[in-house]
Amino acid sequence: MSTHPRTIAVGFDGSPDAIGACSWAMATGRYLDAHLVLVHARGLLDRYERRDPRGLLGGVVADLAARHAFDPTRLSWHVGDGDACSVLLRCGAAPVFADLVVVGSRGRDEHAGMLIGSTSLQLAERSPIPVVIVPSATSAPY
Amino acid sequence: MLITNEVPDDSGHEDPGHPERPDRLVAVRDGLSDLGLGDELVTIPARSATRLELLRVHQGAYLDELGAFCYEGGGDIDEDTYATYDSWPLAQLAAGAGLAVVDELTRRGTGVGFVAVRPPGHHALADRAMGFCLLNNVAVTAAALRAAGERVLVVDWDVHHGNGTQSIFWNDPDVLYVSTHQWPLFPGSGVPSEVGGLAAIDGIVNLPLPAGATGDVVARALEEVAAPVIDAFAPTWVLISAGFDGHRDDPMADFALSSGDFAHLATWAAGLAPAPGRLAVFLEGGYDLGALRHSVAATLSAVLGDATASEAPTNGGPGADQIGRTQRERASTLTLVMEQRAAEEAS
């Protein structure tokens with residue numbers, strides 16, 4: 001095993017917390033010269049309506065990469081069927097083979113009020129690879 | 001004889017453009033009519049599940065939260081799942097329908113039950129709505145039967161894994177959950193190594209199959225992997241989570257099943273019921289209205305022992321090699337889990 005992550009998976013649903021997580025992963029990935037995989041969980045309606053997150057969120061990712069001077073050729077997408085937690089839990093295995101998974105504290109469907117959403121919490125409990133939970137920009141300092 | 005529930009006016013649980021829509025039950029009713037059952041069709045009044053009946057599978061805080069959310073007008077619960085002002089009473093009726101049908105089957109000691117309800121239920125967790133599902137209808141009925149001392153087999157052939165039902169009965173030795181489903185696919189659970197908790201080892205049988213799977217492969221997976229576990233479990237009741245979104249025309253997934261395959265699966269499942277009046281079919285998914293209508297008719301015809309014309313069964317699709325991998329993965333996991341249980345008992 002390498003001493004530092006070569007492939008970083010970041011949960012990306014376009015929410016403000018996911019953008020924060022992606023920013024952290026790009027800054028860290030650039031420093032570590034790591035490959036970054038944007039992981040998107042495809043739900044029932046995503047499939048029914050044939051939504052492609054790369055088309056819907058590609059512009060946001062390109063802006064983030066430019067802001068963090070992250071080489072876009074080191075970026076790729078993985079769209080997995082399932083809820084966010086189950087898709088992110090599989091990131092250590094094929095086809096992503098991540099050494100580290102990065103998520104925001106709350107996903108798009110998780111309401112404010114709790115410091116950490118259920119997806120991040122379950123991931124931290126059950127992930128076979130290290131997990132980084134990036135605090136929300138709106139989290140109160142304590 | 002087919003015993004089914006009276007379908008309430010469910011038009012209030014609708015989100016324009018959403019595939020889980022009231023027209024689904026219109027298609028189901030049309031499928032029932034196609035059978036021309038006459039006096040052999042018994043329709044019983046709908047009733048709501050009580051809070052105590054729901055509490056066997058759902059957390060009280062979740063029931064309170066869902067009810068309050070609906071009374072405030074509802075909205076999107078998550079990316080897939082919605083609720084409206086009317087969804088709470090309709091979900092309670094959907095959860096109660098199975099209870100009423102099973103009560104009637106028990107009273108008569110004969111017949112087959114058909115629970116025609118929406119919203120569907122098998123993704124609903126103890127504390128969370130998910131995947132179009134608000135309350136876990138089949139689990140509410142299974143839990144009631146279990147509380148009455150029965151041993152309940154749930155066969156789930158919806159194309160999506162019933163993560164909610166699996167989770168609710170994960171550690172329950174009196175409920176056996178068997179699922180065939182496309183994998184990978186939403187909700188992402190349902191791998192063979194999920195075999196049940198330490199108190200209910202081998203209480204879960206997951207049979208994931210690839211996109212394009214045909215009826216022969218689904219049937220073979222059930223026969224080769226699930227049948228021995230079911231024999232050992234010896235159920236006293238059989239409930240079917242009958243989703244029809246594995247039909248080749250359904251837009252939600254990529255199985256290649258025909259209505260004739262559902263008839264074949266239904267015949268197989270009906271053969272597992274230990275006595276007359278101990279089999280009930282619950283509607284789960286199915287979003288192509290034509291496929292839903294014909295698949296419901298084929299399924300119910302089969303469980304009634306009739307042979308109404310349906311599409312020809314399918315065969316030759318992928319997935320046969322997956323069955324062997326499933327057997328091996330289950331066997332190695334069962335060994336590990338039993339060792340873990342022995343170690344815990346020893347300590």
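Colleague: Before we start, what should I know about the numbering and the model?
Modeller: Residues are numbered from 1 along each chain as its sequence is written, and chains are lettered from A and ligands numbered from 1 in the order in which they are written. Side-chain values use heavy atoms, with hydrogens and water left out, and as this is a predicted model, local features need pLDDT of at least 70, side-chain atom pairs count only at pLDDT 80 or more, and totals for chains, interfaces and linings use all residues.

Colleague: How many aromatic pairs are there over all chains?
Modeller: Rings of Phe, Tyr and Trp (its six-membered ring) pair if their centres lie within 6.5 Å; planes under 30 degrees apart are stacked, over 60 edge-to-face, and the rest tilted. Searching the whole structure on that basis, the number of pairs is six.

Colleague: What is the angle between the planes of Tyr71(B) and Tyr85(B)?
Modeller: Their centres are 5.9 Å apart. The pair is edge-to-face, with an angle of 75 degrees.

Colleague: How many residues apart in sequence are the parts that this pair ties together?
Modeller: Tyr71(B) lies in helix H3 (60–71) of chain B, and Tyr85(B) in the loop between strand E4 (82–84) and helix H4 (87–108). Helices (H or I, at least four residues) and strands (E, at least two) are DSSP runs, numbered from the N terminus. So the pair ties together parts whose separation in sequence is 14 residues.

Colleague: Are Phe132(B) and Tyr287(B) buried or exposed?
Modeller: These two form an edge-to-face pair, 5.7 Å centre to centre with 85 degrees between the planes. Buried means under 20% relative accessible area, exposed over 50%, and partly exposed in between (1.4 Å probe, protein chains only). Both residues are buried.

Colleague: Which side chain has a polar contact with that of Gln166(B)?
Modeller: Gln166(B) is found in helix H6 (163–168) of chain B, and its relative accessible area of 6% makes it buried. A polar contact is a pair of N or O atoms within 3.5 Å; within protein, one must be able to donate a hydrogen and the other to accept it, and residues adjacent in sequence count only if both atoms are side-chain atoms. At 2.9 Å, the partner is His161(B).
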